[in-house]
Amino acid sequence: MSPDSVEGVRGPGRWGSGFGALPLAGIAGGLVGLLLLPPVQGGAGRLGVGILALAGLAFAAGALLRSRDRLEAARAGFLVAGISSLLALHWVPAAMAPWWGSGAGLLAGITLWSLHGVVGSLAYLAMAGLAHRVPTLLRFAAGWLVVERFPALLPLLPLPRPEMAALLVDAPGLAASVPLLGGSVVVALWAGVVAVGVEAFRGGDPGAPRSGGGSRGRGSLAPVGAGLVAVVLLLLLPLVERGLDSAADPGSEEVLRLVVAELPLERAALVDAHLRRERVEAGVEAVGAAHLWPEALLAEVDRIPEGLREPDGPPETGAWIGVHREEEGRRYNAVVHRSAGGTLETVHRKHRLVPGVERTRIRRPGLPGRGLAPGPPPEPFPVGPRMGGALICFEVLFPALVGRLRKEGATLLLHLGNDTMLQPGGSLPNLRDSARRQQDGLLGLRALEMRMPIVRSAMGGRSGGWDRRGRPLPVEVGAPGLDGAGPRTLEIRVPEAGAIPPAAHLGDLPVWIAALLLGAGLVGRRRMGGPDGPGEAVGPGR
C-alpha cells in the first residue's frame with residue numbers, strides 16, 4: 001500500500017473521525033492565531049481563553065496524529081504555524097508600509113508568515129519521523145517549542161512570533177511555573193500533555209500501535225503518567241512561586257521613583273525627518289523633565305532635543321535617552337545616559353535589529369547608507385541604588401536577552417520604544433491596535449518570567465511599568481495633561497525584584513535541545529510507520 005493511501009490507514013479512532021490532518025491543522029492555526037490577538041483575549045475572558053488554548057493545542061496535536069505520512073505532516077505543520085502567524089501578525093504589512101509602501105509591506109508580511117510556516121512544516125516533519133521512537137509528550141512538546149521560539153533564533157533574520165505564554169500572566173495558578181522554566185517551555189510542556197490526551201482519546205481501535213513504541217500495555221500508561229506529572233506540578237509550583245516571590249532583591253531596600261516620558265507621534269513623521277523633529281521637540285518642551293525617554297527621539301545622529309532634562313532631587317540618577325549614535329564610523333540605535341553634569345555615556349546599543357527597517361544590509365551594516373549596525377549583547381549598569389539594564393523596541397521579544405541581564409545582576413529593566421510604526425492607520429489592517437497590545441502583553445510576560453520590574457518610555461505608544469509578577473504598576477500622571485493624547489510624564493514607584501529565577505539561566509538552551517531532538521527525526525531513515533512497515537499512520541489511530 002502507498003504511504004499516501006487513505007484506505008486501510010485510518011480507522012474508527014474517536015478523535016477527528018471524518019477529518020483529515022489538513023482540516024485539523026487549519027482549525028488549529030485559526031484558533032491559535034485568534035488566541036494571540038489581544039482583542040480576542042479581552043473578549044473571551046479567562047475561561048474562554050483557557051478553552052481556546054486547549055482546543056487549539058488539541059487540534060494541532062490531532063493534525064500530527066492524523067497525518068498519514070511525513071509529507072502530510074509537513075503540510076499540516078505549515079498550516080498550523082502559517083495560519084496562526086497570519087492572524088496574530090496580520091498587522092505587519094501595515095507596520096512596514098510607511099517605509100516600503102503597501103505592496104512591499106504586504107510582501108514582507110507574506111514572507112514572514114511563510115517563514116513561520118516553513119519552521120512549522122519542518123517541526124511537524126521531524127515529529128513525524130520520531131513516531132515509534134520518542135514518546136508523544138516529549139516529541140510534541142519539543143515540536144511546539146520549536147514552532148514558537150526557533151524563528152527568533154534564525155541568523156541575520158530573526159523573526160520572532162508572539163508567545164502563547166503571555167496568556168499565563170493572568171492565570172495565577174499556571175503562572176507559578178513561568179519563572180522556573182520560562183514561559184514558552186511551560187506552554188510546550190502543556191502542549192505535550194494535551195497531545196497525550198488526544199492520543200489516548202482517539203485510541204479506540206484495539207489494534208492501534210502506541211507512538212511510544214513497545215507493547216500496548218506500556219503505551220496505555222502514558223496518559224496516566226502524564227496526568228500524574230501534571231498533578232504533581234500543580235501541587236508543587238505554588239510553593240515554588242511563594243518561595244521566589246518572598247525572596248526580595250538584596251540590593252534595594254527602598255522603592256525607586258522614576259519619571260518616564262510619553263510622547264505622541266503620528267505615522268507620517270516616521271519618514272519625514274522635519275516633521276518628526278518638530279513634533280518631538282514640542283513634546284520634549286511640554287514634558288520638561290524625565291528620567292527615561294523613548295527610543296531614537298530624533299532621526300539625526302548624536303542629536304538630543306533641546307530642552308530635555310532630568311528631574312531635580314533624589315534619586316539623582318540622570319536621564320536615559322534613546323538616540324542614534326555613530327561610533328567608529330558605524331551607526332547604532334543606542335541608549336545613552338546623561339549625568340546631572342551633562343556627561344554622555346552609551347549604556348546599550350541595540351543588539352537585535354528589525355530586519356528590513358534597521359538591519360538593511362548583511363555585509364558591513366551601519367556604515368553610511370547601510371542602515372544600522374547591531375551592537376553587543378546588553379550589560380547591566382547602575383540605576384540609582386540598583387543595577388538595571390536597557391532594551392530597545394522588539395528586543396523584548398527575545399527572552400534570552402532579558403535573562404542575560406537578570407543573571408548578571410540587573411534588578412530593573414528599562415525599555416525604550418518607538419511604537420509609531422505599530423499604530424493602526426493606512427489602508428492595511430491592524431485590528432483594534434493589536435500590535436501595541438501584544439507588545440504590552442510580552443512586557444508583562446518578561447517581568448513575570450525574570451521576576452524583575454520593567455519600566456517603559458514610549459513614543460507613539462503607551463508608557464508604563466510592570467511588577468515582578470507581570471502586573472501593571474500604578475502610575476501618577478504628571479505634566480502636562482491627563483487625557484493621554486498629548487505629551488505627558490508618568491511617575492512610577494518601582495518595587496523590588498525577586499530572586500534570580502532559573503529561567504534566567506536557561507536562556508535559549510531548551511529551544512536548541514528541542515531542535516536537536518527534532519533534528520534526529522529529520523535525518524532518520526526510518527519510514528513513517530517505523531517497524532510496522534509502510535502505510536502506517538503517524539499517530540496511533542488507524
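Visitor: How many cavities of 30 Å³ or more are there?
Guide: The model is predicted. A cavity here is a space where a 1.4 Å probe fits but cannot get out. With the cut-off at 30 Å³ or more, the count is one cavity.

Visitor: Which helices each supply at least two residues of the lining of the largest cavity?
Guide: The largest cavity has a volume of about 80 Å³. Its lining includes Pro-399, Ala-400, Glu-449, Met-450, Ala-503 and Leu-506. The lining divides into eight nonpolar, two polar and two charged residues. At least two lining residues each come from helix H13 (399-407), H14 and helix H15 (502-506).

Visitor: Which element gives the largest share of the lining of the largest pocket?
Guide: The largest pocket holds about 1200 Å³ of space and is lined by 44 residues. Elements that give two or more residues to this lining include helix H2 (38-65), helix H9 (183-201) and strand S9 (464-466). By class, the lining residues are 24 nonpolar, eleven polar and nine charged. The largest share is ten residues, and it comes from H2.

Visitor: Is Phe-78 buried, partly exposed or exposed?
Guide: Phe-78 lies in helix H3 (residues 70-88). With Val-118, Leu-122, Leu-522 and Val-523, Phe-78 makes a nonpolar surface patch of about 440 Å². Helix H5 (102-129) and helix H16 (509-523) are the elements that give two or more residues to that patch. Buried means under 20% relative accessible area and exposed means over 50%, so Phe-78, at 35%, counts as partly exposed.

Definitions and conventions
Residues are numbered from 1 along each chain as its sequence is written. This is a predicted model: local features need pLDDT of at least 70, side-chain atom pairs count only at pLDDT 80 or more; totals for chains, interfaces and linings use all residues. Side-chain values use heavy atoms; hydrogens and water are left out. Patches are made of residues with over 30% relative accessible area and no salt bridge: like charges are joined within 9 Å, nonpolar side chains (Val, Leu, Ile, Met, Phe, Trp, Tyr) within 5 Å. Accessible areas come from the Shrake-Rupley method with a 1.4 Å probe; for residues, only the protein chains shown count as cover. A salt bridge is a side-chain nitrogen of Lys or Arg within 4 Å of a carboxyl oxygen of Asp or Glu. Helices (H or I, at least four residues) and strands (E, at least two) are DSSP runs, numbered from the N terminus. Buried means under 20% relative accessible area, exposed over 50%, partly exposed in between (1.4 Å probe, protein chains only). On a 1 Å grid over the protein atoms alone, a cavity is a set of points where a 1.4 Å probe fits but cannot get out, and a pocket is an open set with protein on both sides within 12 Å along at least five of seven lines; lining residues have an atom within 4 Å of a point. Grid points are joined across faces, edges and corners, and a volume is the space filled by probe spheres set on the points. Ala, Val, Leu, Ile, Met, Phe, Trp, Tyr, Cys and Pro count as nonpolar, Asp, Glu, Lys and Arg as charged, and the others, Gly among them, as polar.
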